[in-house]
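Please work through the following exercises with the sequence and the structure at hand. Each task is followed by a solution in steps.

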Amino acid sequence: MGVDMISVLRFRRGFRFQWEPAQQCHVLLYPEGMVKLNDSAGAILSEVDGQRSVADLISALEQKFPEAGGLKDDVCEFLDHAFSQHWLELS
């Protein structure tokens, strides 16, 4: 895994996370194109700020979505995928 619970992540230079009204979803924009994100990916990436650890992101998401139960495995799996796709880097 590229990230662990103490990792602090930020978006790579050239990547911008935003809500796209035309798509009615969050997207990740980069010079070569755009990644349309599902609701879960948008919720996770909305917590990435370059200052908080992965553990802090998970805690914030579990507070926002208490009905979802433990989110650690799913969040870590997604963040690892995003890191391997070079959307995120270590802060």
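**Exercise 1: A residue with positive phi**

H86 counts as partly exposed, at 47% relative accessibility. The scale used here calls a residue buried under 20% relative accessible area, exposed over 50% and partly exposed in between, with a 1.4 Å probe and protein chains only. The model is a predicted one, in which local features need pLDDT of at least 70 and side-chain atom pairs count only at pLDDT 80 or more, while totals for chains, interfaces and linings use all residues. Residues are numbered from 1 along each chain as its sequence is written, and side-chain values use heavy atoms, with hydrogens and water left out.

Task: Determine where H86 is placed and what phi is found there.

Solution.
Step 1. H86 belongs to the loop between α3 and β5. Helices (H or I, at least four residues) and strands (E, at least two) are DSSP runs, numbered from the N terminus.
Step 2. The phi of H86 is near 70 degrees, a positive value in a residue other than glycine.
Step 3. Compare Q24, which has a positive phi of about 55 degrees although it is not a glycine. Q24 is placed in the loop between β2 and β3, and with a relative accessible area of 56% it is exposed.

**Exercise 2: The faces of helix α3**

Task: Describe the span of α3, and state which of its residues are buried and which are exposed on the other side.

Solution.
Step 1. Helix α3 covers residues 72-84, 13 residues in all, and reaches 18 Å from its first C-alpha to its last. This is close to the expected 18 Å at 1.5 Å a residue, where the expected span is 1.5 Å times one less than the number of residues.
Step 2. V75, C76, F78, L79 and A82 are the buried residues of α3. Seen down the axis of α3, these buried residues fall within an arc of 165 degrees, so they line one face of the helix. The arc is that of the directions from the helix axis to the C-beta atoms.
Step 3. D73, D74 and E77 are exposed on the other side of α3.
Step 4. The buried residues of α3 pack against β1 (9-11), α1 (39-45), α2 (54-64) and β5 (88-90); contact means heavy atoms within 4.5 Å.

**Exercise 3: A buried alanine**

Task: Is A43 buried or exposed, and which residues does A43 touch?

Solution.
Step 1. A43 lies in helix α1 and is buried, with a relative accessible area of 17%.
Step 2. Leaving aside residues up to four places away in sequence, A43 touches L61 and F65.
Step 3. A43 and L61 are 18 residues apart in sequence and, C-alpha to C-alpha, 7.7 Å apart in space.

**Exercise 4: The three-stranded sheet**

Task: Give the strand order of the open sheet and identify the strands at the edges.

Solution.
Step 1. Strands of a sheet pair through backbone hydrogen bonds, either parallel or antiparallel. In the present count, two strands pair if DSSP finds at least two bridges between them.
Step 2. The open sheet has three strands in the order β2-β3-β4, with antiparallel pairing. β2 (16-20) and β4 (33-36) stand at the edges with a single partner strand each, so one side of each is left without a neighbour in the sheet.
Step 3. β2 and β3 pair over five bridges, and W19 has H26 in β3 as its bridge partner. The hairpin of β2 and β3 has four residues between the strands.
Step 4. β3 (residues 25-30) and β4 pair over four bridges. In β4, Y30 has G33 as its bridge partner, and L29 has M34. A hairpin through two residues joins β3 to β4.

**Exercise 5: Aromatic pairs**

Task: How many aromatic pairs are there? Describe two of them.

Solution.
Step 1. Rings of Phe, Tyr and Trp (its six-membered ring) pair if their centres lie within 6.5 Å; planes under 30 degrees apart count as stacked, over 60 as edge-to-face and the rest as tilted.
Step 2. By this rule there are three aromatic pairs. The ring centres of F11 and F17 are 5.8 Å apart and the planes are at 10 degrees, so the pair is stacked.
Step 3. F15 and Y30 also form a stacked pair, at 5.2 Å centre to centre and with 15 degrees between the planes. This pair links distant parts of the chain, with F15 in the loop between β1 and β2 and Y30 in strand β3, 15 residues apart.
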